[in-house]
Amino acid sequence: RSRGLGDVYKRQDLNLSGLLYYSSYTMGGVNNDLLNEQRLIQNTSVEENGLKFKLDYKINPSYRFKLGYQLNETGVGNLEDINTPLFRRYVKEVIISNSLINEISFISKDKRSLFNVGLRANYIDKFSKFIIEPRLSMSHQLSKEWGLEVLAEKKSQYVSPVSYTHLRAHE
């Protein structure tokens with residue numbers, strides 16, 4: 001389930017956009033051990049609230065400059081419910097991240113070659129940590145049918161659902 005509200009302001013060489021959004025996802029499962037008459041229910045839910053702003057400025061026909069900001073609040077909840085022995089646990093963790101995004105693009109006069117270089121700087125409040133993610137992409141249209149593309153980037157993931165049963169089994 002997702003919801004969003006956004007707007008874009010356009011001028012000849014400048015685009016400003018903003019987006020406010022919410023999304024949620026739930027996954028669940030039941031495992032029955034018939035011999036021991038044991039039932040395990042596991043549910044994981046992920047909710048994310050976010051805010052994005054982006055400025056896209058066309059410096060001239062060949063160069064573009066992009067600058068952005070993103071705020072994410074991500075909550076992951078895990079439920080584990082066992083009937084024998086009686087056990088129930090719900091844990092929810094929330095992580096807030098702030099990100100600044102910067103990119104410059106070059107496109108050739110014949111529009112066959114494109115070069116992008118950028119940087120994303122993330123601050124993760126829960127860990128008091130900065131994570132820098134460089135981005136690079138190059139493409140060239142060799143013919144109508146063939147093109148060459150080179151991409152390089154570093155990406156980070158801060159949140160992952162964890163199975164507490166799995167963790168306990170390995171303690």
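How many bridges join strand 7 to strand 8? In this predicted model, the two strands run antiparallel and are joined by 7 bridges. A hairpin of 5 residues links strand 7 to strand 8, and across this pair Gln141 of strand 7 (129-141) stands opposite Gly147 in strand 8.

Strand 7 also pairs with strand 6. Here 12 bridges are found, and the two strands again run antiparallel. Strand 6 and strand 7 form a hairpin as well, with 4 residues between them. Within that turn, Ser128 has a positive phi of about 50°.

Attention can now move to the largest pocket, which holds about 450 Å³ of space. Its lining is made up of 25 residues. Those lying nearest the centre of the pocket are Lys54, Ile101, Glu103, Arg120 and Arg135. By residue class, the lining divides into 10 nonpolar, 8 polar and 7 charged residues.

The strands described above have a part in this lining too: strand 6 (113-124), strand 7 (129-141) and strand 8 (147-153) each supply at least two residues. Strand 2 (14-33), strand 3 (38-58), strand 4 (63-82) and strand 5 (87-107) likewise contribute at least two residues each. As a general point, side chains in a regular strand alternate between the two faces of the sheet.

Methods:
Residues numbered from 1 in each chain as written. Predicted model: local features only at pLDDT ≥ 70, side-chain atom pairs only at ≥ 80, totals over all residues. Heavy atoms only, no water. 1 Å grid on protein atoms, 1.4 Å probe; cavity = no way out; pocket = protein on both sides within 12 Å on 5 of 7 lines; lining within 4 Å. Points joined across faces, edges and corners; volume = space filled by probe spheres on them. Nonpolar A, V, L, I, M, F, W, Y, C, P; charged D, E, K, R; others polar. Pairing = 2+ DSSP bridges.
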